[in-house]
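Colleague: Before I plan anything around this protein, could you take me through how its parts are defined and how they meet?

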Amino acid sequence: MSFKQSVDFMINKALSVLDVSKGLAEAIKGCNAILEVRFPVEIDGKVEVFTGWRATHSTHRLPAKGGIRYATSVNLDEVEALAALMTYKCALVDVPFGGSKGGLNIDPSKYSREHMEKITRRFTRELATKGFLSPATNVPAPDLGTGQREMAWMVDTYKHLFPEDINYIASVTGKPTNLGGVMGRLEATGRGLAFGLREFFRHSTDVRAAGLDGELEGKRFVVQGLGNVGFNASSIMSDEDGIKVTAIIEKDGAIVNDLGLDVKAVHEYMLESGGVEGFPDAKYHRDGSKVLEKECDILMPAAFESVINKENAVRINAKIIAEAANGPVTFEADGILRERGIVCIPDAFLNAGGVIVSYFEWVRNLSHMRFGRMEKRLDELRGVQTVRAFEELTGKKIPTQIRQELTHGADELDLVNSGLDDSMRLAFQQIRSVKELNPKVSDYRTAAFVISIEKIVSSYLDSGVY
Ligand code: NAD
């Protein structure tokens, strides 16, 4: 079963509990438009031809939104599946975008920075001139193998192609903050994961149903992929929630330490050495995929899709699978895990932090002003006045720490994180209420897709299909 088929089967499962006509269901599931480009770039005097895709899954809301992936595994099926997931994800977390995704078939590690810039700028030209990149219609963001650097090159290329577009800066999200990026976007997907898991752990019945108890503190995590999402999620939860990361699986193998790994130290080691092999105070395993089966409380796949499939699902030894990557569990594996009582917290919800904060970035770019610029000092003044009024009325001094907290005006990062936390909490509350109230829905994934499909259907019906 291909990745796209797997996503379609999951959607069919959600559709089966809804009353949606066959025609409308087909309209929702299929990709609206697909672009395939092949373009030459001169690399060290030789011409190389690159192939890339951008799929727009849905335009029921505009712009369509989704990351751009650089990897040798990229293919059209994958791009279509990821674009579809973006549609459902945006609908679920109330981000008013359609779904899209792009990919370039390339191994970024084989090229210098200068070559990557040349290739990225050329790919951007292909997308923008063919109507697959603009602030109004289609807005990329980082994904596997891309980051702020690539987004900066993309927005700069778009600006030079369309200098009269006053909103050019909103053509791409996930940019560096000095180029119109919003504070908190870099770590947004990881932070969203932390907010999402915290909300899950606020519901003790759900926690008990997963075979766990208590809070996130002390929970043993196995993390696959220590890139943007995996690193930020696990380091934020290590620092702020006291989780224990007992294994990290990377592309060159896995490292294990049951007493807990220092995620930041592993990340720094990886940046220097290119992998996890040789990291001190940990046992190294060359075959990382076996470590996915290690006993733990929460398994967090944060690399790529289909890593938990019908072959290994029977051996997975976690209570919860926290889907940080897109599509890490196949449709077949999902069924096996459910039978075994292993709870999947689905990607469409759990890794939505990236697109939520991308939405904030896009809004910031269209307003041409950073969040908090108008209200921060007023906020601060209100805090000072409250402290003064309290001290005058009681005749007592407020301790310095509390005074600082009360007189702190919300800046952009505070506002972004507050919006992200709120979006993640609301989405999980809606998912669990569908799961509780609809007797035909027994898992979080189906509940999440039921919510998404209902919103998309009403958008189609309200605006009319033509
Ligand atoms: P990334 O490129 O920053 O990180 C991926 C990590 O996975 C890298 O450290 C890489 O070395 C590692 N990896 C590669 N092959 C591996 C293998 N065989 N085994 C174990 N690890 C391997 O990518 P990312 O942005 O963190 O994205 C990871 C996943 O999260 C993808 O599925 C992506 O679609 C999804 N996602 C990303 C975002 C985002 O904002 N970046 C948002 C939502 C979902």
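Modeller: Domain bounds here come from an automatic or database domain assignment, and for this chain that assignment gives domain 1 (34-181) and domain 2 (188-353). The model is predicted, so local features need pLDDT of at least 70 and side-chain atom pairs count only at pLDDT 80 or more, while totals for chains, interfaces and linings use all residues. Residues are numbered from 1 along each chain as its sequence is written, and side-chain values use heavy atoms, with hydrogens and water left out.

Colleague: What makes residues of domain 1 and domain 2 count as a contact?

Modeller: Contact means heavy atoms within 4.5 Å, and by that criterion 10 residues from domain 1 and nine residues from domain 2 take part.

Colleague: How do you know what area is buried between domain 1 and domain 2?

Modeller: Buried area is the accessible area (1.4 Å probe) that two parts lose on being put together, summed over both, and here it comes to about 740 Å², with carbon and sulfur atoms giving 58%. In domain 1, the residues losing the most area to domain 2 are L85, K89 and L92, together 52% of what that side buries.

Colleague: Why is the pairing of R69 with E305 called a salt bridge?

Modeller: The term requires a side-chain nitrogen of Lys or Arg within 4 Å of a carboxyl oxygen of Asp or Glu; the closest N and O atoms of R69 and E305 are 2.9 Å apart, so the pair qualifies as a salt bridge. The count between domain 1 and domain 2 is one salt bridge.
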